[in-house]
Amino acid sequence: MLDINFIRENRDTVITGMKDKGEKETEVVDKVLEADQRWRTLVTKVDQLRSESNEKSKEIGILMSQGKKEEARKLINETTGYKADIKEAEKETEAAKNERDELLLKIPNVPHESVPVGFSEEGNQVFGSWGEPNQKDGLKPHWELADENDWIDFERGAKVTGAGFPFYIGPLARLQRALINFFIDEALAEGYIEIQSPYFVNEDSARGTGQIPDKEDMMYVIPRDGFFTIPTAEVPVTNFHRDEIFSMDQLPVKYVAYTPCWRREAGSYGKDVRGLNRLHQFDKVELVKIVRPSDSYEELENLRSYAESLLQKLELPYRTLLMCTGDMGFTQSKKYDLEVWSPGQKRWLEVSSCSNFTDFQARRMMLRFKNDQKKIEILHTLNGSGLALPRVVAALLETYQQADGEVAVPEKLQPYMGREVL
């Protein structure tokens with residue numbers, strides 16, 4: 001969430017940022033400021049009551065030491081209501097703080113000044129591209145290739161679980177495993193620390209990274225235990241250090257984690273959700289960075305560049321989009337999407353999002369560090385897909401399909417697969 005001091009000093013900027021993200025209920029900003037003013041007034045009231053109570057206590061003590069018991073008893077009678085008044089004011093103060101903090105959770109992060117203003121995907125800007133998309137006619141989409149070779153079973157997945165939960169079979173299951181190992185090995189070579197995380201998180205963790213109160217409908221819930229299945233490893237990994245304070249020499253922190261992911265957002269009809277284009281369960285290798293505030297935008301560019309390098313090593317043409325304000329998300333200040341070319345579908349498929357959250361998540365999680373002046377500051381968090389597997393698999397099948405019906409294995413994956421064709 002945003003710093004209340006920032007909102008006090010930049011009310012108009014916060015409201016503009018909300019409007020640019022397509023948020024309509026901007027009155028929440030003034031509600032936050034009103035609740036904050038009530039809280040500050042009540043804090044002053046409590047302090048005054050405590051000060052007056054302490055002064056009276058001192059006077060009573062002096063009178064008692066001077067043997068003036070009657071005067072002391074009279075003053076005691078006059079101050080009997082102080083404790084009750086203080087207790088009541090403290091309850092009001094806590095209520096005002098809780099109201100303010102609940103309202104703060106409804107205000108999105110402010111977009112960085114370099115982010116283009118727009119309200120749909122049409123507002124996104126092409127930041128860069130690599131490779132030449134194959135526009136040749138007659139190439140098969142991945143679902144046809146998978147069906148012909150019995151590599152994916154969507155029907156049995158739907159029988160066992162539901163739509164969007166496929167089985168990967170034989171060589172394609174092996175390709176998934178090869179990609180996971182390749183992505184992790186590449187990250188380790190870049191200095192990331194591998195971490196295995198839980199697949200379920202509690203409400204505090206979901207709130208810490210901003211999944212609630214914003215994306216509850218996208219997550220599967222385990223109501224008996226109060227858990228959520230993770231939509232991405234970002235949630236457990238970023239929360240790994242919740243409520244902790246780093247020293248300067250511990251930063252930056254860079255983690256890589258493979259997990260399955262679950263999202264309820266998948267649709268059921270149309271080309272956009274056919275095959276592996278959109279699933280309820282999928283595998284992903286996630287990259288998480290925890291950095292000093294002064295470094296976060298440079299670290300975002302490094303994260304984007306690294307994710308791009310993975311597609312280059314797989315020799316998959318791609319483009320990088322700088323996402324506009326309205327297509328960016330509640331928690332991000334700046335975001336890039338990487339889209340790989342799908343020659344069988346003749347369209348771009350998103351395979352990675354690289355985001356800077358500034359202090360938005362870290363403030364919720366009380367994720368802090370001690371700076372050079374030994375002052376405690378809030379850290380910045382970033383994450384990116386490195387990479388999400390389903391659409392990478394789809395693009396690989398379509399890009400590396402051969403005239404004889406075989407699908408070649410990219411050179412970088414051959415050591416992991418032990419073969420040159422699937």
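## Close-up views of a predicted model

**Figure 1. Proline 213 lies in the loop that runs between helix H9 (203-208) and strand E6 (221-222).** The model shown here and in the figures below is predicted. The peptide bond between isoleucine 212 and proline 213 is cis, with an omega of about 5°. Leucine 387 has its place in strand E16. For comparison, most peptide bonds are trans, and most residues other than glycine have a negative phi.

**Figure 2. The protein chain as a whole provides the setting for the close-up views.** The protein chain contains 14 helices and 16 strands. Its radius of gyration is 28 Å, whereas the globule rule gives 22 Å for 422 residues; the chain is therefore more spread out than a compact globule. Along the principal axes, the C-alpha atoms of the protein chain fill a box of roughly 110 × 45 × 40 Å. Of the 422 residues, 50% count as buried. Among contacts in the chain with a separation of 6 or more, 73% are made by residues 24 or more positions apart. The accessible surface amounts to about 20900 Å², and carbon and sulfur atoms contribute 46% of this area.

**Figure 3. Helix H5 spans residues 82-104.** With 23 residues, H5 reaches 32 Å from its first C-alpha to its last, which is close to the 33 Å expected at 1.5 Å a residue. Which residues of H5 are buried? They are Tyr82, Ile86, Ala89, Thr93, Ala96, Arg100, Asp101, Leu103 and Leu104.

**Figure 4. Helix H11 covers residues 296-313.** H11 has 18 residues and extends 26 Å from first to last C-alpha, close to the expected 26 Å at 1.5 Å a residue. Among its buried residues are Ser296, Glu299, Leu300, Leu303, Arg304 and Tyr306. Arginine 304 also lies over the face of tyrosine 336, at 5.4 Å from the ring centre. Just after H11, glutamate 315 adopts a positive phi of about 55°.

**Figure 5. Helix H13 (residues 389-399) is mostly covered.** Nine of the eleven residues of H13 are buried. These are Leu389, Pro390, Val392, Val393, Ala394, Ala395, Leu396, Leu397 and Glu398.

**Figure 6. Aromatic rings form pairs in several places.** Across the whole structure, a search finds eleven aromatic pairs. The ring centres of tryptophan 341 and tryptophan 348 are 5.1 Å apart and their planes stand at 65°; because an angle over 60 degrees counts as edge-to-face, the pair is given that name. Tryptophan 341 has a relative accessibility of 6% and therefore counts as buried, while tryptophan 348, at 23%, counts as partly exposed. Elsewhere, Phe182, Phe183 and Tyr416 form one aromatic cluster. An arginine may also be seen with a ring: arginine 264 lies over the face of tyrosine 220, at 5.8 Å from the ring centre.

**Figure 7. Lysine 346 and lysine 374 have a positive phi.** Lysine 346 lies in the loop between E12 and E13. Its phi is near 55°, a positive value in a residue other than glycine. With a relative accessible area of 33%, lysine 346 is partly exposed. Lysine 374 is found in the loop between strand E14 (368-370) and strand E15 (376-378), and its phi is near 65°. Is lysine 374 buried or exposed? At 63% relative accessibility, lysine 374 counts as exposed.

**Figure 8. Glutamine 414 lies in helix H14 (residues 414-417).** Glutamine 414 has a relative accessibility of 24% and counts as partly exposed. Glutamine 414 and alanine 178 are 236 residues apart in sequence, yet their C-alpha atoms are 8.7 Å apart in space. When neighbours within four places in sequence are set aside, glutamine 414 is in contact with Val409, Arg419 and Glu420.

How values were computed: Residues are numbered from 1 along each chain as its sequence is written. This is a predicted model: local features need pLDDT of at least 70, side-chain atom pairs count only at pLDDT 80 or more; totals for chains, interfaces and linings use all residues. Side-chain values use heavy atoms; hydrogens and water are left out. Helices (H or I, at least four residues) and strands (E, at least two) are DSSP runs, numbered from the N terminus. The expected span of a helix is 1.5 Å times one less than its number of residues. Buried means under 20% relative accessible area, exposed over 50%, partly exposed in between (1.4 Å probe, protein chains only). Rings of Phe, Tyr and Trp (its six-membered ring) pair if their centres lie within 6.5 Å; planes under 30 degrees apart count as stacked, over 60 as edge-to-face and the rest as tilted. A charge sits over a ring if NZ of Lys or CZ of Arg is within 6 Å of the ring centre and within 35 degrees of the ring normal. The radius of gyration is taken over C-alpha atoms; the globule rule is 2.2 Å times the number of residues to the power 0.38. Contact means heavy atoms within 4.5 Å. Accessible areas come from the Shrake-Rupley method with a 1.4 Å probe; for residues, only the protein chains shown count as cover.
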